[in-house]
Amino acid sequence: MPDTITPAVATAVATEAATHLNNLREALQTLGLHARLLTQDNRPPRLRVINPKATTMSEIISVAQRHDRWLFCWSWNEPITEVAHLATAAERIGHVLAATFPNAA
């Protein structure tokens with residue numbers, strides 16, 4: 001018989017996920033990135049991150065529990081790092097969203 005998730009468990013997981021994403025939002029803001037928590041009924045919370053210097057550079061970050069660890073994940077579900085490593089996660093996201101331009105000669 002498949003495991004079922006009760007509404008109370010789903011709510012607790014969503015609340016913990018939102019807490020991790022809000023912590024990441026604060027870390028990203030210190031790097032000058034804009035981030036907004038996205039919450040919708042029946043969907044896990046996500047964080048939309050935008051580089052304000054290049055608004056076409058954006059990413060949706062989620063969190064996932066794998067092997068009893070919480071991880072930040074890219075939109076394609078590839079792990080970024082564990083949620084305990086906020087600075088590393090923010091740095092990696094900032095690197096991916098960085099607007100780099102060739103030097104004008």
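How much accessible surface does the protein chain have, and what percentage of that surface belongs to carbon and sulfur atoms? The total is about 7,200 Å², and carbon and sulfur atoms account for 53% of that. Keep in mind that this is a predicted model.

On to the fold. The chain contains two helices and five strands, and the order from the N terminus is α-β-β-β-β-β-α. There are 105 residues in the chain, and 32% of them count as buried. If you take contacts between residues at least 6 apart in sequence, 30% of those join residues at least 24 apart.

Next, the core. The largest nonpolar core is made of 20 residues. Leu24, Leu28, Leu47, Val49, Ile61, Phe72 and Ile93 have the most contacts inside that core. Two or more residues each come from α1, β2, β3 (58–66), β4 (69–73) and α2 (86–96). The biggest contributor to this core is α1, with five residues.

The largest pocket holds about 320 Å³ of space. Its lining has 14 residues, and Ala10, Ala14, Arg43, Pro44 and Pro45 are the closest to the pocket centre. The elements that supply two or more lining residues are α1 (7–30), β1 (34–40) and β2 (43–50). Which element gives the most to that lining? That is α1, with five residues. By residue class, the lining of the largest pocket splits into nine nonpolar, three polar and two charged.

How values were computed:
Residues numbered from 1 in each chain as written. Predicted model: local features only at pLDDT ≥ 70, side-chain atom pairs only at ≥ 80, totals over all residues. Heavy atoms only, no water. 1 Å grid on protein atoms, 1.4 Å probe; cavity = no way out; pocket = protein on both sides within 12 Å on 5 of 7 lines; lining within 4 Å. Points joined across faces, edges and corners; volume = space filled by probe spheres on them. Helix = DSSP H or I, 4+ residues; strand = E, 2+ residues; numbered from the N terminus. Nonpolar A, V, L, I, M, F, W, Y, C, P; charged D, E, K, R; others polar. Core = buried A, V, L, I, M, F, W, Y, C linked by side-chain atoms within 4.5 Å. Buried < 20%, exposed > 50% of the residue type's maximum accessible area, 1.4 Å probe, protein only. Contact = heavy atoms within 4.5 Å. Areas by Shrake-Rupley, 256 points an atom, 1.4 Å probe, with all protein chains shown as cover.
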